[in-house]
Amino acid sequence: MSCCDDVELIRGLMPLEQARSRMLDSLVPINDIVERELGDCLGGVLASDIYSPIDVPPFNNSAMDGYAMAYQSLEPSQSLTMVGKSFAGIPYNGQVALGQCVRIMTGAMMPNDCDTVVMQEHVCAQDDNITVNKQARSQQNVRRLGEEFKLGQQVLEQGTIITPRHIALLASLGFATLPVRPKLKVAIFSTGDELVKLGQPLLDGQIYDSNRFALIAMLEKLPVDIIDYGVINDDPDKIRATFLDADLKADVIISSGGVSVGEADFTRDIIEEIGQINFWKLAIKPGKPIAFGQFDNSVFFGLPGNPVSAMVTFYQLAKPALLKLGGGIVKPALQLTAKLTHDLRKSSGRLDFQRGVVGRNEQGVLEVVSTGTQSSSMMGSMCLANCFIVLPQEQGNVSAGDDVMIELFDSALN
Ligand code: AMP
Ligand code: MG
């Protein structure tokens, strides 16, 4: 390619943000709702806002193992008489007069008449008499009814992807089942005459089909069911038949390879023939042309064949699209600033997702180092990395000591 061609190509490239917002605007989330057991909801998409059905905590209780009393009792004397015990799940139901206290455990219900807990380490106890040997504050060490959530208060938003943290909260609120979105069905296949099944010997000119395994592994982290069509040869009839069949069975079709301008790149022509296509040359690196569009029943992504490009375009475009279609909230990636430890070469014109390793130096400052050769055919650069070094489209070379933006890999890549 000549230098002039390169400039022309760059002029025709669409910035990633523009492509991503056009794509997201065109996608309508699924509307169905299914009710599922809480234990089966991990990774699913919450289908409605969640309101607390109880006050949390549901009763005043102790935050410590110790002694509960009315604070007033500690004013005249630090010595009190113990009149009973309150355990978690077995409350003390008697009276507690001034000058008296109750032995209490963490999580146990506060007796009536008590508003303060002294931890046992601050008490000297002999038989039923205790002496408090540290000045207490009124109402200390008490978790108050409704102090975290009031009955009816919103606790989670529709579209939340359910993580272990959400499961913990929802279980604490007593939800046995949850309304979630049904999983999207995603069909996937690789195209290419050079691709060989794993476990087979390689003949001249052949390589293993790694993209399908990489993309399926990424899909498995998302709330989707996968329909695997395997490897399809560079044969227009076979590719067409696969798209048509997948369109009947799947909500989303993802292929890799064949979207470029080579003589065996049929994917683009076929989707143009049987669907509505948005074909983008994106101003990103790695990343080649990517086909995105609509068939009668499904949305499709034709990802580039180079393995790193396929993963990066999946991560930056297909993943947010799947989230939106599945009814999830799509959040922009969190970008952090880190100091580059060495010079980096970058030509202006494309947003670059170089692969890096970020960590803290001895001064506590975030530092990032590139994983080395950044060819889009080399998976080693992805495996060593824990983040993308995100170099803006118009950025040129970067020098050691410069601040750069990084995006930590999220669970789709980890
Ligand atoms: P293509 O976009 O089909 O021209 O492919 C670009 C490059 O990616 C070529 O070197 C292909 O051999 C390679 N490639 C395509 N599909 C795969 C795949 N499924 N796994 C690994 N490499 C692939
Ligand atoms: Mg190919």
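Buried means under 20% relative accessible area, exposed over 50%, and partly exposed in between, with a 1.4 Å probe and protein chains only. By that scale Ile33 is partly exposed, because its relative accessibility is 48%. The model is predicted: local features need pLDDT of at least 70 and side-chain atom pairs count only at pLDDT 80 or more, while totals for chains, interfaces and linings use all residues. Residues are numbered from 1 along each chain as its sequence is written, chains are lettered from A and ligands numbered from 1 in the order in which they are written, and side-chain values use heavy atoms, with hydrogens and water left out. Helices (H or I, at least four residues) and strands (E, at least two) are DSSP runs numbered from the N terminus.

**Ligand 1**

- The shell around ligand 1 holds 16 residues, the closest being Glu194, Asp209, Ser210, Gly258 and Gly305; a residue belongs to it if one of its heavy atoms lies within 4 Å of the ligand.
- A polar side-chain atom of Asp209 lies 2.8 Å from a nitrogen atom of ligand 1.
- Polar backbone atoms also approach a nitrogen atom of the ligand, that of Ser210 at 3.1 Å and that of Asn211 at 3.2 Å.
- Taken alone, ligand 1 exposes 490 Å², of which the protein buries 79%; these areas come from the Shrake-Rupley method with a 1.4 Å probe.
- Two or more residues of the shell come from each of β13 (184-191) and β15 (207-208).
- The shell comprises 4 nonpolar, 9 polar and 3 charged residues, where Ala, Val, Leu, Ile, Met, Phe, Trp, Tyr, Cys and Pro count as nonpolar, Asp, Glu, Lys and Arg as charged, and the others, Gly among them, as polar.

**Helix α3**

- His166, Leu169 and Leu170 are buried in α3, which spans residues 164-172.
- These residues lie on the same side of α3, because they cover an arc of only 95° around the axis; the arc is that of the directions from the helix axis to the C-beta atoms.
- An α-helix has 3.6 residues a turn, so residues three or four places apart point the same way.
- The packing partners of the buried residues of α3 are β2 (50-51), β11 (154-156) and β12 (177-180).

- Ile33 is placed in the loop between α2 (16-26) and β1 (34-37).
- Leaving aside residues up to four places away in sequence, Ile33 touches Ala47, Pro179, Val180, Arg181 and Pro182; contact means heavy atoms within 4.5 Å.
- Ser62 belongs to strand β3 (residues 61-62) and counts as buried because its relative accessibility is 0%.
- With the same exclusion of residues up to four places away, the contacts of Ser62 include Ile104, Met105, Val117, Asn141 and Arg143.

**Backbone geometry**

- Most residues other than glycine have a negative phi, and most peptide bonds are trans.
- Val56 and Pro57 are joined by a cis peptide bond with omega of about -5°, and Pro57 sits in the loop between β2 and β3.
- A cis bond also runs from Lys285 to Pro286, with omega near 0°; Pro286 is in the loop between β19 (284-285) and β20 (289-294).
- Asp113 has a positive phi near 80°, lies in the loop between β6 (100-104) and β7 (116-119), and is partly exposed at 43%.
- Asp127 has a positive phi of about 50° in the loop between β8 (123-126) and β9 (129-132), and at 72% relative accessibility is exposed.

Conventions
A polar contact is a pair of N or O atoms within 3.5 Å; within protein, one must be able to donate a hydrogen and the other to accept it, and residues adjacent in sequence count only if both atoms are side-chain atoms.
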